[in-house]
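Thanks, everyone. I'll keep this brisk. Have a look at the model first, then we'll walk through it.

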Amino acid sequence: MVSAGNIHRWESDHLTRSDLSAVQDPAQAWNALTVGAYTELDTMVEAPSGFAGWAPVAARGELSPFSRTSVPFSRMWPVKPDVVLEGGNLARSPDGTDFDTPPNLQLLTTSAPLRRNRLLTVTAATSAATAQGAALAAGVQSDYPSLWPEAVRALVVHSAEWTPAMLSRFHDESRKRGRAALLQRYGMGVPSLARAARSAGDALTLITHDVIHPFTSGKMREIHFHNLPWPCDILADLGSTQVRLRVTLSYFIEPNPGRRGWQRRYSYASHGLRFDVRRAAESNADFEKRINQKAVAEEERRPASIGESGKWLFGSDQQRAPESLHTDIWTGNAADLAQRGALAVFPVTGWWKENPTRDRSDNGARYALVVSIQTPREDVDIWSPVAQQIGVPTEITI
């Protein structure tokens with residue numbers, strides 16, 4: 001985990017300032033999980049006496065004024081930060097000309113070095129947010145020590161939710177490009193250990209580890225098709241109820257040792273992976289045929305097959321982003337989702353493909369796939385039917 005980096009010269013319009021301030025090296029790293037900062041601290045009731053009349057800069061649930069973004073990046077760079085966590089807020093003077101960091105808008109932490117009369121102090125900004133992210137990832141790994149690092153990273157991002165303040169901006173933005181810019185500001189939102197480490201009756205999470213061999217002799221070698229254990233009957237009974245499907249694909253790339261730039265012949269990443277979900281009216285045979293055609297189109301840089309409109313939040317544009325973690329959210333009828341229990345993972349071009357003499361595909365490329373279904377009704381149990389399909393043991397406490 002790395003921090004997105006901090007802003008040190010502030011303005012009242014802190015969102016514009018953040019959108020103009022690119023994340024700092026090495027926060028752009030493909031394989032890193034980059035943490036930005038947001039804040040819930042927006043009250044001055046407990047501020048020291050010298051801050052009478054001062055007001056918080058960021059509204060509750062908004063990006064912290066300290067946090068940088070990847071909005072200035074071109075589309076050749078990864079989307080960063082991946083997630084945001086509490087990083088504190090700033091206070092603005094009554095005349096709007098001065099900014100400061102009163103302790104009530106910062107986070108409490110242990111003092112270093114420890115002194116008898118000063119055991120605690122305050123901290124803020126993206127370093128504080130990154131420490132919380134590291135603790136969250138450690139909590140996931142502690143609960144599930146057999147998980148691959150790719151899966152831990154995926155679960156942290158998969159568990160993230162946008163705050164109401166962030167969601168209002170996504171709801172007001174109908175353009176895919178505008179949503180992509182918001183993703184470059186907030187990442188996927190605020191992660192939660194409870195969501196990352198647990199399924200619930202109305203919120204099912206499936207995790208897959210697998211190894212793919214992307215290329216051979218400069219050509220695509222494998223496509224993985226996953227037939228998922230799916231609560232078809234329960235979803236079908238829900239009919240037109242709106243449900244949410246979320247998919248996160250996480251893998252690590254090998255950077256190009258040549259450092260020769262971004263041309264196709266000298267791609268930075270060793271390989272890329274993409275996912276797609278079977279459509280409601282598709283048979284498995286039709287799905288496999290479409291994915292084969294789409295994979296070829298991706299490799300040859302031709303337009304991919306037309307996707308579904310109005311269902312996926314980001315769509316194929318976000319999937320084509322140059323990074324090693326892809327996530328998207330589909331919303332639609334439960335009866336429609338009941339027919340979508342198949343998912344494909346396929347490779348796209350990278351320097352392994354363009355330089356067959358140095359291709360390490362024979363060693364395999366690991367990936368983690370996280371798929372979740374969430375229903376709005378707490379009285380609906382979609383977990384138990386899947387647990388029965390895959391043989392999850394039931395613990396009985398006496």
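Start with a term: buried means under 20% relative accessible area, exposed means over 50%, and partly exposed lies in between, with a 1.4 Å probe and protein chains only. Helices (H or I, at least four residues) and strands (E, at least two) are DSSP runs, numbered from the N terminus.

Now the ground rules. This is a predicted model, where local features need pLDDT of at least 70 and side-chain atom pairs count only at pLDDT 80 or more, while totals for chains, interfaces and linings use all residues. Residues are numbered from 1 along each chain as its sequence is written, and side-chain values use heavy atoms, leaving out hydrogens and water.

First stop, strand S15, residues 272–277. Six of its six residues are buried, so S15 is largely enclosed by the rest of the structure. Which residues point which way from S15? Gly272, Arg274 and Asp276 go one way; Leu273, Phe275 and Val277 go the other. All of them are buried.

S15 has a partner. It pairs with strand S17, residues 342–348, in the antiparallel sense, over six bridges. To call two strands paired, DSSP must find at least two bridges between them. Pick out Phe275: its bridge partner in S17 is Val345.

Next, the four-stranded sheet. This one is open, its order is S10-S18-S14-S16, and the pairing is antiparallel. S10 (203–212) and S16 (325–333) stand at the edges with a single partner strand each, so one side of each has no neighbour in the sheet. On average, neighbouring strands here are turned by 15° against each other, direction ignored. For angles, axes are lines fitted to C-alpha atoms, for helices over the stretch in contact, and values run from 0 to 180 degrees between N-to-C directions.

Go through the pairs. S10 and S18 are joined by ten bridges. Ile212 has Ala365 as its bridge partner in S18. S14 and S18 are joined by eight bridges, and there Val247 has Val371 as its partner in S18. S14, residues 242–251, also pairs with S16 over nine bridges.

Nine of the ten residues of H3 (149–158) are buried, so the helix is largely enclosed by the rest of the structure.

Zoom in on His158, in H3. Its relative accessibility is 7%, so His158 counts as buried. What does His158 touch, leaving out residues up to four places away in sequence? Arg246, Val247, Thr248, Val370, Val371 and Ser372. Contact here means heavy atoms within 4.5 Å.

Last stop, the surface. Leu108, Leu114, Leu119, Leu120 and Val122 make a nonpolar patch of about 500 Å². Strands S8 (107–115) and S9 (118–123) are the elements that give two or more residues to the patch. S9 has the largest share, three residues. Patches take residues with over 30% relative accessible area and no salt bridge, joining like charges within 9 Å and nonpolar side chains (Val, Leu, Ile, Met, Phe, Trp, Tyr) within 5 Å. A salt bridge is a side-chain nitrogen of Lys or Arg within 4 Å of a carboxyl oxygen of Asp or Glu. Areas come from the Shrake-Rupley method with a 1.4 Å probe, and for residues only the protein chains shown count as cover. Val122 sits in S9. At 33% relative accessible area, Val122 is partly exposed.
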